Amino acid sequence: MTTLHLGGPARTLAELGDLRDLPGVVEWARRHGGPPVCLGSGSNVLVSDAGCDRPVLRIATRGVRVLGPAGDGRVLVEVQAGHPLGDLVDTAIGEGLSGLEMLSGIPGTVGATPVQNVGAYGQEIGDCLVRVEAWDWKLGRRVTLSAAECALGHRTSRFKGSTRWTLLVLTLALRPSRLSAPLTYRSVAEVLDVPVGSRVLLTDAVRAVLTVRRGKGMVLDSGADHRTVGSVFLSPRVSGARRARLRADGAPLNSFSDGSTRVSASWLIQQSGFALSSPLAEGVRVSSRHYTLVARSGASATSFGEAADRVFRTVLHSTGIALTSEIDFLGDPSSRPLCLSSPAPAPAPAPAAPAAASAGAVRRPLL
C-alpha cells in the first residue's frame with residue numbers, strides 16, 4: 001500500500017470511501033486505540049519492517065465539484081481528500097482552470113497535499129488552498145480550518161507529524177485561464193524552448209513538467225526506478241556566505257514562498273560523490289536518472305533507512321549541510337532511521353573547498 005512496497009503489516013486497517021461512513025470510522029478508531037495514521041497512496045511513507053501497531057485509515061473518498069466564484073476572479077473547487085491528485089490536475093486542465101498544472105505527475109491523494117504543502121516547479125498547494133474540513137480527534141468533531149490556520153510552510157504544515165486531524169475535504173481557488181502560471185524553472189521552460197517567465201497553454205505546461213519528471217524517473221510509470229518516495233530529502237535552506245559560495249559553485253538555488261532560498265538536495269548528493277545507479281544498501285541504490293533513492297528486489301525498510309542515513313552522513317561530512325528527510329515513518333520510533341529523526345543534528349562547519357472565503361451554491365459536478 002506504499003510506493004516503496006516495503007514494510008510490515010498494519011495491526012488493524014479500515015478504509016473511508018464515503019463521508020457518510022465517518023461516524024463508524026470514528027468508533028472503529030476508538031475501539032483500536034485512538035487517532036489513526038491516515039494513508040492515501042502511500043507515496044511519501046516508509047513503514048517499519050515490523051509494521052504499524054496503530055490503526056491505519058486509508059482515505060479513499062472521491063469527488064470534485066465547482067462551488068462558484070471566489071470573489072477575486074478565481075473559482076472555488078471542492079475536492080474529496082481521497083481523490084487522486086493527478087486526476088484533479090487533469091480535471092482542472094480540462095475545465096480551463098490554472099493553479100495546479102505544475103503539480104502534474106506527482107503521485108498521491110489531494111488530502112495529502114496540505115500536510116506536506118506539496119509543490120513543484122514554482123507552484124504549491126498553498127497558492128490555491130482556501131480551507132480544509134477535517135475530523136479533529138482531540139475535540140471529537142468535524143472542524144473547518146482556513147489556509148492560514150493550516151500553517152503551511154516549505155513542505156510542512158500543522159498537520160505534518162500529527163494525528164490530531166484527519167483531512168476530509170479541501171476547497172481550492174483556481175483561476176479561469178487557458179494559460180499557465182509563469183514558468184519559473186529553466187528545465188521546464190527549455191522543454192518548450194521559451195524564456196523563463198513565459199506563460200504557455202496549460203496542456204503545454206503539463207507536457208513540459210511531465211517530460212522533466214519522467215527524465216528524472218519521478219513518474220510512477222517510469223520503469224525500473226518506480227519504487228521510490230520521490231524526493232527523499234528536502235532542499236536545504238541556505239543564507240549568507242554559504243548561499244554566496246554555493247551560487248559561485250554553480251549550485252541550483254531557488255526561492256520559495258516562505259522567503260527562503262534553498263539549494264537542490266540532489267545537487268548536494270551528486271557533489272558528495274554519489275553516482276547514478278550506485279548501490280547504497282541491500283536492495284537500495286541511487287536512481288539511474290536522478291539523485292534520489294530507489295528500492296529493488298531484496299530491499300527492506302531497514303536497508304532503505306540505512307541507505308538514507310549513509311547519504312545523510314556523507315553529505316553532512318562533504319558539504320557541512322544537514323539534509324532533512326521528507327519521508328513519514330510509520331512504526332516503532334526506536335527503529336526510525338537517523339535522518340528521519342527531528343530535529344536534524346547541527347551541521348558541521350562547511351569545508352573551505354566543498355566537494356566537486358464561504359462556499360457558494362453548488363453548480364455542477366466536474367466529470
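Trainee: Which residues in helix 5 are buried?
Mentor: Leu-202, Ala-205, Val-206, Ala-208, Val-209, Leu-210, Val-212 and Arg-213 are buried in helix 5. Buried means under 20% relative accessible area, exposed over 50%, and partly exposed in between, with a 1.4 Å probe and protein chains only. Helices (H or I, at least four residues) and strands (E, at least two) are DSSP runs, numbered from the N terminus.

Trainee: What should I know about the model before we go on?
Mentor: This is a predicted model: local features need pLDDT of at least 70, side-chain atom pairs count only at pLDDT 80 or more, and totals for chains, interfaces and linings use all residues. Residues are numbered from 1 along each chain as its sequence is written, and side-chain values use heavy atoms, with hydrogens and water left out.

Trainee: Back to helix 5. What covers its buried residues?
Mentor: The cover includes helix 2 (85-94), strand 7 (97-98), strand 8 (119-120) and helix 4 (186-192).

Trainee: How far apart are the end C-alpha atoms of helix 5?
Mentor: They are 20 Å apart. The expected span is 1.5 Å times one less than the number of residues.

Trainee: And what comes just after helix 5?
Mentor: Gly-217, which takes a positive phi of about 70°.

Trainee: New topic. Where does UniProt place the "active site" feature?
Mentor: The unreviewed UniProt entry places it at Arg-155, Ser-231 and Glu-326. They are spread over 172 residues of sequence, yet they cluster in space, with a largest C-alpha distance of 11.1 Å. UniProt positions are in the numbering used here, feature names are shortened, and annotations may be inferred rather than shown by experiment.

Trainee: Take Arg-155. Where is it found?
Mentor: Arg-155 is in the loop between strand 11 (141-146) and strand 12 (165-176).

Trainee: Is Arg-155 buried or exposed?
Mentor: Arg-155 counts as buried because its relative accessibility is 12%.

Trainee: What is Arg-155 in contact with?
Mentor: Leaving aside neighbours within four places in sequence, its contacts include Gln-116, Val-118, Leu-234, Phe-256 and Glu-326. Contact means heavy atoms within 4.5 Å. The Arg-155 side chain also reaches the backbone oxygen of Asn-117 at 2.9 Å.

Trainee: Which side chain meets Arg-155 in a salt bridge?
Mentor: Glu-124, at 3.2 Å, N to O. The pair links distant parts of the chain: Glu-124 is in strand 9 (residues 123-124), 31 residues apart from Arg-155. Glu-124 counts as buried because its relative accessibility is 8%. A salt bridge is a side-chain nitrogen of Lys or Arg within 4 Å of a carboxyl oxygen of Asp or Glu.

Trainee: Now Glu-326. Where does it lie?
Mentor: Glu-326 lies in the loop between helix 8 (301-319) and strand 19 (328-330). Glu-326 counts as buried because its relative accessibility is 11%.

Trainee: What is the nearest side chain of opposite charge to Glu-326?
Mentor: Arg-155, 4.8 Å away. Glu-326 has no salt bridge, though it is buried. For charges, Lys and Arg count as positive and Asp and Glu as negative, while His and the chain ends are not counted.

Trainee: Which side chain joins Glu-326 in a polar contact?
Mentor: Gln-116, at 3.0 Å. A polar contact is a pair of N or O atoms within 3.5 Å; within protein, one must be able to donate a hydrogen and the other to accept it, and residues adjacent in sequence count only if both atoms are side-chain atoms.

Trainee: How many salt bridges does the structure hold?
Mentor: It holds 10. One of them joins the side chains of Asp-136 and Arg-164 (2.9 Å, N to O). Asp-136 lies in strand 10 (residues 129-136) and Arg-164 in the loop between strand 11 and strand 12, so the pair ties together parts that are 28 residues apart in sequence. Asp-136 is buried, with a relative accessible area of 2%. Arg-164 counts as partly exposed, at 25% relative accessibility.

Trainee: Which side chain does Asp-204 meet in a salt bridge?
Mentor: Arg-207, at 3.5 Å, N to O. Both lie in helix 5, 3 residues apart, about one turn of the helix. Asp-204 is partly exposed, with a relative accessible area of 25%.
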